[in-house]
Amino acid sequence: MPLDPSFVGRTYPPTPPYEVGREKIREFADAVGAAHPAHRDLAAARALGHRDLLAPPTFPIVVTMRAGQQIVDDPELGIDYSRVLHADQRFAYRRPVYAGDRLVCTCTVEDITSRPNLDFLMIRTDVVSEAGEPVVTVWTRLVARGGA
């Protein structure tokens, strides 16, 4: 059964704050092969004018995937996650993500498009500091395959 297009525009509750840790930044940098010293060495980051370790550009996926789980787990939407493919990801930054940031995410279903045996779901996640300062907006496109 196709995803319900009435979910477009639905916004889910904000997440609890996620504290970005230095070691999490280092681990993520290792995982994605981000070799820049600003991701690992505090002195190097500060020498470049950053207040703390700088997260790699795709680091917000760590926080937004958890936030997007609200949508995936919504029984009314009815996504079978075993049949979901991650199709696309893009980021629009307002400022960098640093160690010590406490980030809050709010997810919105931005689009649902159905094709025979495929549903395309676009999720927009607005990531702000705990104080409400915009940090980054992340768009995630998921493809849900229909029944076998």
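**Exercise 1. Place Pro134 in the fold.**
Find the element that holds Pro134, then decide whether Pro134 is buried, partly exposed or exposed.

*Solution.* 
Step 1. Pro134 sits in strand 5. The model used here is predicted.
Step 2. Look at the accessibility. Buried means under 20% and exposed means over 50%. Pro134 has 36% relative accessibility, so Pro134 counts as partly exposed.
Step 3. List the contacts, skipping residues up to four places away in sequence. Pro134 touches Arg94, Arg95, Val127 and Val128.
Step 4. Take one of these, Arg95. Pro134 and Arg95 are 39 residues apart in sequence, yet 7.8 Å apart in space, C-alpha to C-alpha.

**Exercise 2. Draw the sheet.**
Count the helices and strands. Then give the strand order of the sheet and name the edge strands.

*Solution.* 
Step 1. The protein has 3 helices and 5 strands.
Step 2. Walk along the sequence. The pattern is β-α-α-α-β-β-β-β.
Step 3. The open sheet of 5 strands reads 1-3-4-5-2, with antiparallel pairing.
Step 4. Find the edges. Strand 1 (18–19) and strand 2 (84–93) each pair on one side only.
Step 5. Recall what holds a sheet together. Strands pair through backbone hydrogen bonds, either parallel or antiparallel.

**Exercise 3. Follow strand 3 to its partners.**
How many bridges join strand 3 to strand 1, and how many join strand 3 to strand 4?

*Solution.* 
Step 1. Start with strand 1. It is joined to strand 3 (residues 102–115) by 2 bridges, and the two run antiparallel. Glu19 has Arg102 in strand 3 as its bridge partner.
Step 2. Move to strand 4. Here 12 bridges join strand 3 to strand 4, again antiparallel. Leu103 has Ser129 in strand 4 as its bridge partner.
Step 3. Check the link. Strand 3 and strand 4 form a hairpin with 2 residues between them. In the turn, Asn117 has a positive phi of about 65°.

**Exercise 4. Explore the core.**
Which residues have the most contacts inside the largest nonpolar core, and which elements each supply at least two of its residues?

*Solution.* 
Step 1. The largest nonpolar core has 38 residues. Phe59, Ile71, Leu77 and Leu121 have the most contacts inside it.
Step 2. Helix 1 (22–32), helix 2 (42–47), helix 3, strand 3, strand 4 and strand 5 each supply at least two core residues.
Step 3. Zoom in on Phe59. Beyond its neighbours within four places in sequence, Phe59 contacts Tyr18, Val20, Lys24, Ile25, Phe28 and Val97.
Step 4. Zoom out. Of the 148 residues, 42% count as buried. Among contacts with a separation of 6 or more, 70% join residues 24 or more positions apart.

How values were computed
Residues are numbered from 1 along each chain as its sequence is written. This is a predicted model: local features need pLDDT of at least 70, side-chain atom pairs count only at pLDDT 80 or more; totals for chains, interfaces and linings use all residues. Side-chain values use heavy atoms; hydrogens and water are left out. Two strands pair if DSSP finds at least two bridges between them. Helices (H or I, at least four residues) and strands (E, at least two) are DSSP runs, numbered from the N terminus. A nonpolar core is a set of buried Ala, Val, Leu, Ile, Met, Phe, Trp, Tyr and Cys residues joined through side-chain atoms within 4.5 Å. Buried means under 20% relative accessible area, exposed over 50%, partly exposed in between (1.4 Å probe, protein chains only). Contact means heavy atoms within 4.5 Å.
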